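Trainee: Could you walk me through reading this one? I'd like to learn the features as we go.

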Amino acid sequence: MLTAPFILSSLVALVAAAPFSGNKPTLADELKQLAKRDSSWTLDVQIHASCSAAQNQYLRRGLDEMNLLAKHAHDKILSLGEKDPLYVTYFGNGSSAAASGYYAQIAFGNKFGVLLRCDDPDGNCATQTTAAGPWAGHWRGKNATQETVICPPTYNTTNRASLRDLCWDGNKVGGIDGVHYLGADLLHRMTHIPTVAYDHVLHYAEEYDEILEFAHEGNPKAVYNSDTLQLYALDAYAKDVIYPPSGCTVDA
């Protein structure tokens, strides 16, 4: 059986090599056609039946924003390369293939079996807390490696804002946890899914200053750091889409 990464790379090559045409299909079009032909292929993260209609709509909006962040970050890296100042700020001299590849997995990779659920099958929503309060969600780990539980605090819009609030809500990229924005939170949650990140993306540095220091030192783990990937996507989107050209980055 062909693996998902092989199929994805083959499609990228196929689309890139196709002769120019006014009706040239995009990669997304090709992947949608693949999904119609292959029941084990889907671009979409699935939402469990335990989620209410309102939760489903809320999470679907967040997933749409996650894809916006991933596609924009992916395209920016491919367009400007490793010498782009923003790239260097977050990834140092790290491989752009690794960074753009992760965003490509989010935007264009197969999400078959990847599931968000709103119940509490492991009891962690009810029992686990951090200094910030009860857990907002968690990867189910060995209990179900493709599943993520979304706990009640996520549905509080003071905890999880829309991308439309980026730069306009008084918060700056790097000055607040990236998971404050629902799309960025889901981008982070996908790093735990083995069929999305293939266990390459981990938590090496979390604080903004530490993330920048990682890049400045040329640490090769920068391109595999979950929070780096999250904050680069937010910063790029803020600078290019929400509030160009300056964005809203905290002073380092």
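Trainee: Is tyrosine 58 buried or exposed?

Mentor: Buried means under 20% relative accessible area, exposed over 50%, and partly exposed in between, using a 1.4 Å probe and protein chains only. Tyrosine 58 has a relative accessible area of 11%, so it is buried. Keep in mind that this is a predicted model, where local features need pLDDT of at least 70 and side-chain atom pairs count only at pLDDT 80 or more, while totals for chains, interfaces and linings use all residues. Residues are numbered from 1 along each chain as its sequence is written, and side-chain values use heavy atoms, leaving out hydrogens and water.

Trainee: And threonine 129, buried or exposed?

Mentor: Threonine 129 has 56% relative accessibility, so this one counts as exposed.

Trainee: How many aromatic pairs are there?

Mentor: Rings of Phe, Tyr and Trp (its six-membered ring) pair if their centres lie within 6.5 Å; planes under 30 degrees apart are stacked, over 60 edge-to-face, and the rest tilted. That rule gives eight aromatic pairs. One of them joins tyrosine 58 and tyrosine 155, tilted, with 5.6 Å centre to centre and 55° between the planes. Tyrosine 58 sits in helix 3 (residues 53-80), and tyrosine 155, 97 residues apart from it, in the loop between strand 6 (147-150) and helix 7 (182-189). Helices (H or I, at least four residues) and strands (E, at least two) are DSSP runs, numbered from the N terminus.

Trainee: Where do tyrosine 87 and phenylalanine 91 lie?

Mentor: Both are in helix 4 (residues 85-91), four residues apart, or about one turn of the helix. Tyrosine 87 and phenylalanine 91 are both buried. They also belong to one aromatic cluster, along with Tyr90, Tyr102, Tyr103, Tyr208 and Tyr232.

Trainee: How do I read two packed helices?

Mentor: You describe them by the angle between their axes and the distance between the axes. Axes are lines fitted to C-alpha atoms, for helices over the stretch in contact, and angles run from 0 to 180 degrees between N-to-C directions. Here, helix 3 and helix 5 (residues 96-108) pack at about 145°, with axes 8 Å apart.

Trainee: Which residues make the contact?

Mentor: Contact means heavy atoms within 4.5 Å. On helix 3, they include Met66, Ala70, His74 and Ile77; on helix 5, Ala99, Tyr103 and Phe108 are among them.

Trainee: What follows helix 3?

Mentor: Glycine 81, with a positive phi near 75°.
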